[in-house]
Amino acid sequence: MSEDDKECRDVYGRVKWFDPGKGFGFVVADEGGQDILLHANVLRNFGQSSVVEGAGVRVRVQSTQRGQQAIEILEITPPDGLEQAPLRDLAETTDSDLEALPLLPGRVKWFDKAKGFGFANVFSEPGDVFIHVEVLRRSGLSELQPGEAICLRIVQGPRGRMAAMVLAWEAAVHEARA
């Protein structure tokens, strides 16, 4: 490997697509150029098992003989254009309301992308927390795996506790330090 292959740079772009089953996807850099390979292991190192199409990402990129490859995720932001509340239960909740809610550590009990929902448990608290796929999407994720560690901002809906925001474990740690 030449010295040029070892050179890294930080790039901001959008997720073109990511398939957890295939274990990879691609990022399109805002500056243009060839697509950047995003491997599932790099995503897992950030603490996520998935990322939604259109999510903003800041990645550290390395040029290889096979093209551009993300070697580290520095930041993930939800896709643009999601101004409306994802669910009627959250219609009255503003962004500042969400930010004021505590981040609670939890673990995914199960999530079915085809059904569009799942449940998590908050550590040291009884009962389940409902997670809707649209809340997940607005949080920059596309799906969750059973046992995955996450952080939640929870509201009391008419049918019980529900996630208003879901963050990857590592993303929540970064947010707590800021």
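In the predicted model, Q68 is in contact (heavy atoms within 4.5 Å) with R9, Q34, D35, I36, L37, V61, Q62 and S63, neighbours within four places in sequence being left aside. Q68 is found in strand β5, strands being DSSP runs of E of at least two residues and helices runs of H or I of at least four, numbered from the N terminus. Because its relative accessibility is 15%, Q68 counts as buried; the cut-offs are under 20% relative accessible area for buried and over 50% for exposed, with partly exposed in between (1.4 Å probe, protein chains only). The side chains of Q68 and R9 are joined by a polar contact of 3.4 Å, a term denoting a pair of N or O atoms within 3.5 Å, of which, within protein, one must be able to donate a hydrogen and the other to accept it, residues adjacent in sequence counting only if both atoms are side-chain atoms.

Residues are numbered from 1 along each chain as its sequence is written. In this predicted model, local features need pLDDT of at least 70 and side-chain atom pairs count only at pLDDT 80 or more, whereas totals for chains, interfaces and linings use all residues; side-chain values use heavy atoms, with hydrogens and water left out.

E148 has no salt bridge, defined as a side-chain nitrogen of Lys or Arg within 4 Å of a carboxyl oxygen of Asp or Glu. The nearest side chain of opposite charge is that of R107, 8.8 Å away; Lys and Arg count as positive and Asp and Glu as negative, with His and the chain ends not counted. A polar atom of the E148 side chain lies 2.9 Å from the backbone nitrogen of Q145. Beyond four places in sequence, E148 is in contact with G47, Q48, S49, G106, R107 and V108.

The protein chain has 5 helices and 10 strands, and 40% of its 178 residues count as buried.
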